[in-house]
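Let's take them one by one.

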Amino acid sequence: MTAPSRTDQPHKIQPPRGTRDLYPAEAARRRWLTERWREVSVRHGFEEVDGPTFEASDLYAVKSGDGILGELFQAFSGKSPDEVEQVKDTGRAPYALRPEFTPTLARMYAAKAAGLPKPCKWFMAGPFFRAERPQRGRLREFLQWNCDVLGLDIPTEKWNAEDAESRAEVAEAKARMDAECIACCVADLESLGLAPSDVSIHFGSRDVVTNMLNEMEIPESRHTQILNLLDRQSKLAPKDFAAECDRLGFHMHRFQVLQGICIDAMKQGFPWIGLNSDEHAVTFDFKSMALLATEIEKLGITAWCKPDLSIARGLAYYTGTVFEVIADGERAVAGGGRYDNLIELFGGPKTPAVGFAMGDVVLSLLLQDKGLMPSGDELMGLVGQHPDVFVLSNGDEAAEARVRPTVAALRRGGESLAGLHVRHSYKATKNVGKLLKEAAQQGARFAVIIEDAESCSVKDTRTNEQWPDKVPLTDLHARLAGAM
RNA sequence: GCGGCUGUAGCUCAGUUGGUUAGAGCACCAGGUUGUGAUCCUGGGGGUCACGGGUUCGAAUCCCGCCAGCCGCCCCA
């Protein structure tokens, strides 16, 4: 054995900040959530992929600003002196734990783009890491569900064509793919028991906002600041917000009018596609949002969706549609948008793409807020962890001796009989009442009471009734299988 | 990186102006009501009062430090 750890109190090492220990109930909750993610994704025609949980740190330098790099968990193998030197010199390790999936996805798609279906619909669910200070809704290790649609459902030669006809076709195709993503996200929320009164998808468009800013004659250099300001509006006092707007030359009132037009239009099914409102001297091009709203309507999820031009998303790489899942009192549950230039940045063919990510931390808080997080018996049932059978004896010596062999035989199964999930008590008591209580607590489907060396009684916990006849132990498995 | 709040049993928490051996409920384990789930009764294990100093005859309690957690700011891929 190696020497004891050099730390003073090796017994008191705590889990790292911002991580979670998952005891059975929490592990079951996590399984339930991720199973919902998978089931919904598959149902919507997405295929599961995954990548490494750590990547070359350069991958995250390609498109990210300094903000991201500062909050990477860094890693190095320690096997090479060069690596160690690199860390000392540059402060940057050769690897980083993945803080998001999009770069990996872009890398994977770029590497095999030619042979992949068009469009290519991928999802993944797994752990991610960010070295941030933990707070409500934000941890350093979390699970994230990513759904992306890469490419369009029209011939590839049209994807980047410039003629007016192709461009119109592309715009419609993009709206279709955007809506598919949003619909998949909505399906998950619905499958978790949430309703439009609990959460909504706020969608906006970078294009529309950019048009608006241009029309206001705001220099491009300030666009990012304004997007950021819009994003933070809810955190600012109205007068501070107004002051900031003035400082940046942003016509807040005009924006609010525009926002109002959007919302009204949504209620009326966007009848004004392609129209501009002279009334407010608005000359922005709403077309992309109108197309998306039309698709949302076709997919039957209008009730969940609200146009909201203030959705900015921090990411610089979003190009068109952006959306967030927003619930009162929590930070964004999910977010995503269109990133038409990113695949190219990672060395692939220029490919329009759209996707979103949903984290488990805020989602769990939201479900708790709404009383929708299953627990106890219900949870065990949802994740299929109820025992099929709980075996006990009546306390007689000969019967007691058959408990463990019977459990083992039922678990093992046989030629045509699948092994069952079987438990027995580890308690010392021979009190049948207490043992049946234990069987009930564990949610067992059947309780088997061994009566003597050869036979048992079977109690169906659903009907709470005992089978009329005693069952020979040799027939038990077949009888149980027939009853389930 | 900055600020606020909180640390007593596995969990939720009592603990008086500082005063004997630090408590309850739940949970867990065991026994009983002598063989069929909801109860009831009895008993048990389990705490360096986060940790380290200080004040005091005496500290869970007051002071300082430190660690951890939570909440917020920054940021949010």
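Q: Why is Glu 295 called buried?
A: In this predicted model, Glu 295 has a relative accessibility of 10%. Buried means under 20%, so Glu 295 counts as buried.

Q: Where does Glu 295 sit, and what is it in contact with?
A: Glu 295 belongs to helix α12. Setting aside neighbours within four places in sequence, Glu 295 is in contact with Ala 175, Arg 176 and Ala 179. Contact here takes heavy atoms within 4.5 Å.

Q: How do you know what span to expect of helix α11?
A: Helix α11, residues 252-267, has 16 residues.

Q: Which residues of α11 are buried, and what do they pack against?
A: The buried ones are Phe 255, Val 257, Leu 258, Gln 259, Ile 261, Cys 262, Ala 265 and Met 266. They pack against the strands β7 (200-205) and β8 (305-307), and against the helices α8 (206-215), α9 (223-232) and α12 (287-298).

Q: What makes the meeting of α8 and α9 a crossing, and of which hand?
A: The axes of α8 and α9 come within 11 Å and cross at roughly 115 degrees. The crossing of α8 past α9 is right-handed. On the α8 side the contact is made by Arg 206, Val 209, Thr 210, Leu 213 and Asn 214, and on the α9 side by His 223, Ile 226 and Leu 227. Those residues divide into four nonpolar, three polar and one charged.

Q: What makes strand β5 mostly covered?
A: Count the buried residues: nine of the ten in β5 (residues 120-129) are buried.

Q: How do you know that β5 pairs with β1 and with β6?
A: Pairing takes at least two bridges. β1 (residues 47-48) is joined to β5 by two bridges, so the pair meets that cut-off, and these strands run parallel.

Q: What makes β1 and β8 edge strands?
A: The eight-stranded open sheet has the order β1-β5-β6-β11-β10-β9-β7-β8, with mixed pairing. β1 and β8 each pair on one side only, and they are the edge strands. Further in, β7 and β9 (residues 321-326) run antiparallel, joined by six bridges. There Ile 201 stands opposite Val 325 of β9.

Q: What makes β2 and β3 edge strands?
A: Another open sheet has three strands in the order β2-β4-β3, with antiparallel pairing. β2 (54-56) and β3 (74-75) each pair on one side only, and they are its edges. β3 and β4 (residues 95-97) share two bridges, which meets the cut-off of at least two. In this pairing Gln 74 stands opposite Ala 96 of β4.

How values were computed
Residues numbered from 1 in each chain as written. Chains lettered and ligands numbered in written order. Predicted model: local features only at pLDDT ≥ 70, side-chain atom pairs only at ≥ 80, totals over all residues. Heavy atoms only, no water. Helix = DSSP H or I, 4+ residues; strand = E, 2+ residues; numbered from the N terminus. Expected span 1.5 Å × (residues − 1). Buried < 20%, exposed > 50% of the residue type's maximum accessible area, 1.4 Å probe, protein only. Axes fitted to C-alpha atoms, helices over the stretch in contact; angles between N-to-C directions. Left-handed = near helix turned anticlockwise from the far one by under 90°. Nonpolar A, V, L, I, M, F, W, Y, C, P; charged D, E, K, R; others polar.
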